[in-house]
Protein chains: 2
Amino acid sequence: MVTSFDPRTGKPTEDVGPDTSADDLALLCLRAADLAVELEEIGRHGRAAMLRAMADALEADRELLIEAADRETALGPARLGGELTRTTFQLRFFADVIEDGGYLEATIDHAGDTAMGPRPDLRKLLRPIGLVAVFGASNFPFAFSVPGGDTASALAAGCPVVIKGHEAHPRTSQLCAVALRRGAAAAQVSADVVSLVLGRDAGTALVLDPSIRAVGFTGSLGGGRALHSLASSRPSPIPFYGELGALNPLVVCPSAAENRSAEIATALANSFTLGVGQFCTKPGLAFVPAGSYGDALVATLTEAVNAKSASVLLNARVQHGFADGTAALLKSPGVTQLARAAAPDTQEGWWGTPLLLEVSPTALEGAVLDECFGPVLVVVRYGTGDELLALLQEVGPALTATIHADDADRPLAQRLLAALSARVGRVVWNAYPTGVAVAWAMHHGGPYPATTDALHTSVGASSIRRWLRPVAYQDVPQELLPAELIDVPVDSQRVPRRVDGRLDT
Amino acid sequence: MVTSFDPRTGKPTEDVGPDTSADDLALLCLRAADLAVELEEIGRHGRAAMLRAMADALEADRELLIEAADRETALGPARLGGELTRTTFQLRFFADVIEDGGYLEATIDHAGDTAMGPRPDLRKLLRPIGLVAVFGASNFPFAFSVPGGDTASALAAGCPVVIKGHEAHPRTSQLCAVALRRGAAAAQVSADVVSLVLGRDAGTALVLDPSIRAVGFTGSLGGGRALHSLASSRPSPIPFYGELGALNPLVVCPSAAENRSAEIATALANSFTLGVGQFCTKPGLAFVPAGSYGDALVATLTEAVNAKSASVLLNARVQHGFADGTAALLKSPGVTQLARAAAPDTQEGWWGTPLLLEVSPTALEGAVLDECFGPVLVVVRYGTGDELLALLQEVGPALTATIHADDADRPLAQRLLAALSARVGRVVWNAYPTGVAVAWAMHHGGPYPATTDALHTSVGASSIRRWLRPVAYQDVPQELLPAELIDVPVDSQRVPRRVDGRLDT
């Protein structure tokens, strides 16, 4: 039985439903896989209408969804309201992306002579890969869960989805699935293009199901790595796109510390405690210059953290991870505690208390280089620019890196940008990494362990590329080609194409 | 010691050099990985000049290369000359691809308000992934080996390469590496952007080397699957792009059989024996209608195969594989022999004799559905169109599928196109799959086991995508951005971009 818990009390609140059985899962995957044909046949415009209807259905249930999600995650109605807005925005954004059609990478080479001899007529576009498995995350019950980016991009591509709802919010997952299915039906599409399964065993069975063609996952390094191995071990291996989190370094250059120490300290304290530090883009390691300006920054940061309150974490697992992680940090050589917010005045519930640590630059190894999910930040003080760059070489790949630099910092900042952009997916300048905009130019990914596949993003327009595979048509008659590949398509099927080597918008 | 063999005699001809030791390989990878910075800094135009200089260097050694390759592969000077032309064309093609710059997927979203609130300035492009390992294939000593598509596309992307030369042609591999390195030097680039290693152990060590960021492989299912598992098991898993071959189905529709039986039969006999059947795109299973037109086609095909000669295969392993594979086919239930070319008049050397088999449609399972590398084709006779479509459901994914259809076949052909394009990478119409043009619209890949990664191609312009990862820049000042991402780039850095959601060529 899958049970819903209240993180504010740590107690079960309701039984949501049985774990999905192996038989039910197999049947459901077979049925969903069959709908790939329908989703492709209704075309980009049909799917765009479906995505917009799904956004409408979620909006219609806004109150119900936020109430359930707050009860299950304790993230609060304000944050959850913003997250739901982001989620429906994202569904509508993908409707725009597929109506644009550039994502198809439509390419035409007319027959002709080449230096290699005559070439046949070749036309290519991207087509949906088939049934996709989506694993919802604990920390974003909407934006990275049932109605989140993986689901939106897979449906946009033309792939039905089977979603493994996260144990931390099963009721929210169920309500979201109901809304998405209602949206599909409202757009005259089979509701079964979206299915939900619950329970840990169902997750394993899902990755191994022969109908599944690819997996999208947002979660922990351990869970992601295990499912990744499972996906590779199948008789037919499938791509596994895991976003596994990161220790996101943030660097304050000397002049920025001199000019903006209070502002940076306050904003940094807010960034690493945002959502109780439960963001994969949380800055985890801050490099601050030695000397008086850096001292001032650290002093303000210390005050800000001492003034924070404890907040409720998502679930028992996150709480244990945070407790174990901070204990390991505090025991690490060269680590000292700078600040800790006041403990909660109750024993009930799964609390996390913001914590600020410092590590000696000579002790930058071991636990301080691992991500610790929750409201903790480690500060490192550096001397020269060369020392800073050498320290950064110790830090592994990440989703983001942040540079705070003013004009006088330019020569150092340039070296930092080169070093950091070589190992992270997004470089943030004079801001904070915790916001991830849904946009054409967003990249949310990075070399392992940030993501299992450094080549693809899980946020933004190009996240649709994960669910598509190229198909080439050689000498196929015009009447039988996909509508976007014929020489003169009807208006609704005109998309950006590369024709005989030249882009044609 | 790595030894060169002559397939025409089966005897060793010369010792080429020692197996690369583990220590040498580790040092060589470290040195090569350091050159990633140089390759990215010389920019797209610098790399284009390097690729063209490499093509020139190969052309300068044409005679020497073809002589060595013919001695090691027995493919003959005419085929090898064409393959070398294709290879230098491919290097120049990638120079054009990177000068065009569309492959960067440059994207700019200016700061602005959205339904989600204010959005920062975001800019994204693709950057080289780092050091790439390339595994050369036995059957294409140039086009899919040391100077082949994986090497050309990785260098174009800005990735240094370490190449595992194939045991079947170590001297050719060495000579090609020398030419590529000379080409690099001629373009003022460090020669070590291309390195060669030899020996089976070196191949394993290469996939596990911590500096390697991705692997390109063309070869057998068994070898590819083992290396794929190795790549996934690393402490930091890396993408493995394996092109593992396929049983490429070919369908002759009733009217095509009626109108063109002799022409199709002759061309099909030539296609499956081309290069002694040692093509991953070799048609392996031909569906021919029952009835008199199909009978005529099969009769002509039988005559054509009986009239073929035995030819020399690439190496002992291919010969054993072909012998074992054809033995398994001949023992399979429902399989009968239609034709076999005359055996060679010598016991010396590694010969393969063209073989034509037929399998009963009720026995379409087991060995007849596995690829058998070498000059063998299995014919299946079908009755109705529905029966044909049901039979095709038994055939696994493949690199290609071929449809021969005339106007009267249109309704059936349309159903075939839908069924086959759903499971292969390229559909060929009224032609043969054995040629793979280097072009913008080519796709050479397919669902597993055709390739380990159905999303990417190993031939054509977009094969460069395998070696690139996105990097996003948030609010980074103009002067520090990559040249292609600033608002108004200089002419040489103008590339197709998507700006605020609109493509701008």
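This is a predicted model: local features need pLDDT of at least 70, side-chain atom pairs count only at pLDDT 80 or more; totals for chains, interfaces and linings use all residues.
Me: What covers the buried residues of α4(A)?

Reply: The cover includes β1 (2-6), α3 (43-60), α5 (77-100) and α7 (170-186) of chain A. A contact needs two C-beta atoms, placed from the backbone, within 7 Å. Residues are numbered from 1 along each chain as its sequence is written, and chains are lettered from A and ligands numbered from 1 in the order in which they are written.

Me: Which residues of α4(A) are the buried ones?

Reply: They are L65(A), I66(A), A68(A), A69(A), D70(A), E72(A) and T73(A). The test counts other C-beta atoms within 10 Å of a residue's own, placed from the backbone: 20 or more is buried, 12 or fewer is exposed, and in between is partly exposed.

Me: How do you know that α4(A) has close to the expected reach?

Reply: Compare two spans. α4(A) covers residues 62-73, twelve residues, and reaches 16 Å from its first C-alpha to its last. The rule is 1.5 Å times one less than the number of residues. The expected value here is 16 Å, and the helix is close to it.

Me: What happens just after α4(A)?

Reply: A74(A) takes a positive phi of about 60° there. Chain B has a positive phi of about 60° at A74(B), which is not a glycine. Most residues other than glycine have a negative phi.

Me: Why is A74(B) called buried?

Reply: Count its neighbours. A74(B) has 21 other C-beta atoms within 10 Å. The cut-off is 20 or more, so A74(B) is buried. A74(B) sits in the loop between α4 (62-73) and α5 of chain B.

Me: Why does D475(B) count as partly exposed?

Reply: D475(B) has 15 C-beta neighbours inside 10 Å. D475(B) lies in the loop between β21 and β22 of chain B. D475(B) also has a positive phi of about 60°, although it is not a glycine.

Me: And what makes P477(B) partly exposed?

Reply: P477(B) has 17 other C-beta atoms within 10 Å. That count also lies between the cut-offs, so P477(B) is partly exposed. P477(B) lies in the loop between β21 and β22 (497-499) of chain B.

Me: Why is β7(B) described as largely enclosed?

Reply: Five of the five residues of β7(B), residues 131-135, are buried, so the rest of the structure largely encloses the strand. In a regular strand the side chains alternate between the two faces of the sheet. L131(B), A133(B) and F135(B) are buried on one side, V132(B) and V134(B) on the other.

Me: How do you know that β7(B) pairs with β10(B)?

Reply: Count the bridges. Two strands pair if DSSP finds at least two between them. β7(B) and β10(B), residues 212-218, have five, in the parallel sense. V132(B) stands opposite A214(B) in this pair. β7(B) also pairs in the parallel sense with β8(B), residues 161-164, over four bridges. There F135(B) stands opposite K164(B).

Me: Which strand pairing links the two chains?

Reply: β20(A), residues 424-429, pairs with β21(B) in the parallel sense over three bridges. V427(A) stands opposite Y473(B) in β21(B).

Me: How many residues of each chain are in contact with the other?

Reply: 60 residues of chain B contact 60 residues of chain A. β21(B) gives the largest share of chain B's side, seven residues.

Me: What makes the relation of the chains a two-fold axis?

Reply: A rotation of 180° with 0.0 Å of shift along its axis superposes chain B on chain A, RMSD 0.0 Å. That is the relation of a two-fold axis.

Me: What makes the Y448(A) to P449(A) bond stand out?

Reply: The peptide bond joining Y448(A) and P449(A) is cis, with omega about 10°. Most peptide bonds are trans. P449(A) is in the loop between β20 and β21 (468-474) of chain A.

Definitions and conventions
Copies are superposed by least squares on the C-alpha atoms of residues with pLDDT of at least 70 in both.
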